[in-house]
Amino acid sequence: MLRFAQTCDAVAATTKKTEKIRLVSSLLQSLPIEDATRAAIFLAGRPFPRWDERVLGMGGRLLARLIGELSAKSGEAMSGVYRKHGDLGDMAEELLAERSGAPGVSLGEVASVFGELASARGQSEKSKLLRGLLERARPAEVKYIVKIMTGDLRIGLRESLVEEAVAKAYERPIASVRRANMLLGDIGETLQCAFRNELETVRFRLFHPIDFMLATPVETAAEIFKNAAEPMVVEEKYDGIRAQAHKSGTRVKIFSRTLDEVVEFPELREPLAALCGEYIVDGEILAWHEAQPLPFTQLQKRLGRRNPDLWLIEEIPVKFVLFDLLYQDGELLLDELLVERRRRLKRLLAQSKKLQVAPERMCRTREALEEAFRAALAAGHEGIVAKAPDSLYTPGRRGRFWFKLKEPFATLDVVVTAVEYGHGKRHGVLSDYTFAVRQGDRLLNIGKAYSGLTDAEIREFTDYFLKHTMEDQGFRRIVEPKIVLEVAFNNMQRSNRHESGFALRFPRILRIRQDKTPEQIDTLERVRELYARQITLPRLASGARAGDSGMGE
Ligand code: AMP
């Protein structure tokens, strides 16, 4: 494990891609194959292979508490060190630096404790297991154990670079390594196939999820035609949960975008099982009532409930709208054209009464796209997704073949009331802003935004907020409510998290409103209005104009 940690440090210290690949490939070459397999998985920032659904079930708070106990440092000292690094692993290394004499641990021991953690029940058993491992590990090893557990090594190494290192270490073509990794969902097993020269024999396995193809965001319809060859297949952009269903015989499994199993919608199993043959379909699960989509906030009520009662299933019915077919009866279709995949999907679903193929329009001009966009908004959707008809399915990529166009639901002018230090790249700067709306003389917090400002603006704001702090709470500062921001968001929900009683979904900072004073910001009254509009939105008659529907301000 020490050599693994030293290699990671060296990878972090260089910005050169080729050097990172060289370092990782010589580490892999130097290790016995079982250890190289474990190292490859850990280097991808995961305790387990990508297809593996096990989770460690230990959050940041528990990890921080354990590190605190091991280092015997005060909470204040810990928060100072955390603030400096913005990363729990780096914090652990610094806090434990004085601890000498730990014998060190092997990659095998780390892997087996991860396995035990996943099957352990209850936080105290998990803490005991991890404590045992961390007590034996050297500070640099603890650092990377913690980083793997939090899911990000922060050393500038993406999984695609690990693939390149595997190709280099065993002198295999990078395309073969990438394809095997995509099919297996396991960089460790891919490494073993590369080692044994068996990459070409790798076959796709049903019930191992494939990464999802993603869409590139655009601001206007015109941009879509600038980027792609005409015409485009245009679908509604659904605000639900992206899902991939695998079926063979009577067995059905649904996976989410994080490649975890989705178990909350038992009513989808029967219609999926009823379709002929073996297949994988890709689509979106959305809440749906009386021929209208319901806001995501409704669907959310069904999440986290394994066995929903009948009442809930009827109260918030869902629909699985399908837009792609990735595999059918022994044939992987990723390299087929979209039009062909859709043709086969329609045939597969022809007999189904409960499952539906996403309706499509062929758009040849910008005007046609804009019309489709307005119609999608009026029907209660988030916007549109435009897809090149001759595109292949490229898992995990945001290519130039799928584009998404959506409008923010609304914007609010708010004032910043508290600021926090950021994580990772943004540690040491005040980059997370809590903001409020007004009710009379009172300011009521409604959300927190992390994105939308440039690095230069954040640096400038950090200086400003340090000078205008009213109360320093360590990692958080209550600041004078002077800075007015315009924030966009996708929708809002009732929530106890903030004192306004509402929370915003996907808030992002659009601009700094230097032209507005804190007295002129939006009120709780307007928030209530927007919330009410959102609730009635899906009931709008189709064909209503976008402007009437409350979408986009
Ligand atoms: P966003 O959530 O804004 O990043 O949008 C990307 C997501 O839109 C995808 O991951 C899908 O879950 C979702 N999506 C909704 N409708 C479609 C569609 N018709 N085709 C592809 N993706 C879609």
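Me: Before we start, what does buried mean here?
Reply: Buried means under 20% relative accessible area. The model is a predicted one.

Me: Which residues of H10 are buried, then?
Reply: They are Glu159, Ser160, Leu161, Val162, Glu163, Ala165, Val166, Ala167 and Ala169. That makes nine of the eleven residues in this helix, which spans residues 159–169 and is mostly covered.

Me: What covers the buried residues of H10?
Reply: The cover includes helix H2 (17–30), helix H3 (33–43), helix H11 (174–184) and helix H12 (187–195).

Me: Switching to aromatics. How many aromatic pairs are there in the whole structure?
Reply: A search finds twelve. In one of them, Tyr464 and Phe465 have ring centres 5.5 Å apart and planes at 75°, so that pair is edge-to-face.

Me: Is Phe465 buried or exposed?
Reply: Phe465 is buried, because its relative accessible area is 0%. Tyr464 is at 24%, so it counts as partly exposed.

Me: Which residues form an aromatic cluster?
Reply: Phe4, Phe42, Phe114 and Tyr144 form one.

Me: Now the surface. Which residues make the nonpolar patch of about 220 Å²?
Reply: Leu337, Val339 and Leu392 make that patch. Leu337 sits in the loop between strand E8 (331–332) and helix H17 (338–349), and Leu337 is partly exposed, at 38% relative accessible area.

Notes:
Residues numbered from 1 in each chain as written. Predicted model: local features only at pLDDT ≥ 70, side-chain atom pairs only at ≥ 80, totals over all residues. Heavy atoms only, no water. Patch = residues over 30% accessible without salt bridge, like charges linked within 9 Å, V, L, I, M, F, W, Y side chains within 5 Å. Areas by Shrake-Rupley, 256 points an atom, 1.4 Å probe, with all protein chains shown as cover. Salt bridge = Lys/Arg side-chain N within 4 Å of Asp/Glu carboxyl O. Helix = DSSP H or I, 4+ residues; strand = E, 2+ residues; numbered from the N terminus. Buried < 20%, exposed > 50% of the residue type's maximum accessible area, 1.4 Å probe, protein only. Contact = heavy atoms within 4.5 Å. Phe/Tyr/Trp six-rings, centres within 6.5 Å; stacked < 30°, edge-to-face > 60°.
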